[in-house]
Amino acid sequence: MKITTYRSLVLSILLLIVYQSNAQDRAYVHRVVSELASPAMHGRGYYKEGDHKAAAYIAGELKKADINPLWDNYSQSYSFSINTFPGKVILRAGGRKLKPGRDFVINPANGSVDARYQLRWLPDTLTKSHSVYAIVDTSQLEGIMPVLPKKLGETYRSGLKGVPALMQIDDNIWWHVSRRQWPSGKVAVKVHPDAIKPGTTSVRVKAKAQLLENRPAINVGGMVRGHIQPDSFVVFVAHYDHLGRMGNEAIFPGASDNASGTAAVLDLARYYAANPEKAYYSMIFLLVSGEEAGLLGSRHFVENPPFDLTKTRFVINFDMVGTGSQGLNVFNANANPLAFGQLKKLNGQYEWFGELRERGASCNSDHCPFHQKGIPAFFLLTFGPENRHYHNIYDRAEMLPFTRYEQLFELVTTFIDNLPQLPWQTPIAE
């Protein structure tokens, strides 16, 4: 090899190392998602302290990146009540044991149950919940479990007044969490149509439930101090919690929702720590819990901020950002037209995303409590067919491609670079 060629190769490698230390790190993001969505984290829920293990991991990542803590040990504590299933969750239909998470889910508000039911299959033509009462005599339902069609929506989720037990057939086996527990005797399950034969006559439902009252929860946060306006703030936020386990078999890994957003915020933290000159304002990296239970972590944060919240310049919330082949949803775009105009202009200039979809104000993720305080905020969510797993057992790390991650990172950091050019929005609404 010629010396000149060798020197060129060395220089190229050095430049690549410098670039990788100063820009996005796809390998790091994949590694974080793999850790957070691993079985060891138990779905980052409340069974086996999965959320607390995730919080400790995130705090460790901020510490390794030399990020200044917002609180002692990077942790802000609060509490809320949550229903859990620490034992087995069993459904036997026609003598066959169904697979939890794959074949069925139980309503997360269910209490403990061990009961057998005779099934009463209702017509597939039903489209309205109130139509059930024309067919079913609610005074004659002891030991009976009506079977409802998918067309009735998520009836299994809310239950039906006067119907103590019900089954709903649905090919979308997704789950959620509940902060309460139904009274004894009330049961609802959702079953995949491939898992039960039409006309099956009986089922057995068995589950151990435990309502954890005032259970400790943790927000995690750090900061890179701004070098021009250190007393003004940009907040990058993502929720790290997920659904946890439904019993001791079904794990909901939550790679897309929302290990992906958590990894993006941690990657941004490393970027600004390595490039403090890019931090015009003080950069806040906030990973909250309790989102799945009702945005509880972000609400607690805005009511108990560790800095003057009125001096927050902008909030960017990352939730499910591991795809992007078709584009990027920008929620709250209509509420922040100048900022969205800047975002759209930059995307048009660099062609990072094929579509920047303008979405209205919403309260479906952790930007909402900031928005309700009058603080300008975007919620970013990528979209594309490459991964559509949501709240199910298939939302695993290996299923998440991060198709347009480099483009997302460049869009966000370039937008922040240009943020000082935008007029300051009036903060904190009454």
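A cavity is here a set of grid points where a 1.4 Å probe fits but cannot get out, and a residue belongs to the lining if one of its atoms is within 4 Å of a point. The model under discussion is predicted. By the cavity rule, the count comes to one cavity of 30 Å³ or more. The largest cavity holds about 80 Å³ of space. Its lining consists of Y46, Y47, I82, N83, T84, F85, P108, W175, V177, L243, G244 and R245. Two or more of the lining residues come from each of β2 (75-84) and β13 (244-246), and β2 supplies the largest share, with three residues.

One disulfide is present in the structure. It joins C363 and C368, whose sulfur atoms are 1.8 Å apart. The angle about the S-S bond is -75°, and the link of C363 and C368 is left-handed. The two cysteines can also be described by their accessibility: C363 is partly exposed, at a relative accessible area of 40%, whereas C368 is buried, at 1%.

The charged pairs come next. Side chains of opposite charge can pair when their charged atoms come close. The structure contains 17 salt bridges, and three of them are described here, beginning with the pair R270 and D25, at 3.4 Å from N to O. Because R270 lies in helix α5 (residues 255-274) and D25 in the loop between α1 (3-22) and α2 (26-36), this pair ties together parts that are 245 residues apart in sequence. R270 is partly exposed at 28% relative accessibility, and D25 is partly exposed at 22%.

A second salt bridge is formed by the side chains of R215 and D51, at 2.8 Å from N to O. R215 belongs to strand β11 (residues 210-224) and D51 to helix α3 (residues 50-64), so parts that are 164 residues apart in sequence are tied together. R215 counts as buried at 7% relative accessibility, and D51 is buried at 1%.

Helix α3 also contains both E61 and K64, three residues apart, about one turn of the helix. Their side chains meet in a salt bridge at 2.8 Å, N to O. E61 is buried, at 8% relative accessibility, while K64 is exposed, at 64%. Elsewhere, salt bridges that share partners join D25, D267 and R270 into one network.

Definitions and conventions: Residues numbered from 1 in each chain as written. Predicted model: local features only at pLDDT ≥ 70, side-chain atom pairs only at ≥ 80, totals over all residues. Heavy atoms only, no water. Disulfide = S-S within 2.5 Å. Buried < 20%, exposed > 50% of the residue type's maximum accessible area, 1.4 Å probe, protein only. 1 Å grid on protein atoms, 1.4 Å probe; cavity = no way out; pocket = protein on both sides within 12 Å on 5 of 7 lines; lining within 4 Å. Points joined across faces, edges and corners; volume = space filled by probe spheres on them. Helix = DSSP H or I, 4+ residues; strand = E, 2+ residues; numbered from the N terminus. Salt bridge = Lys/Arg side-chain N within 4 Å of Asp/Glu carboxyl O.
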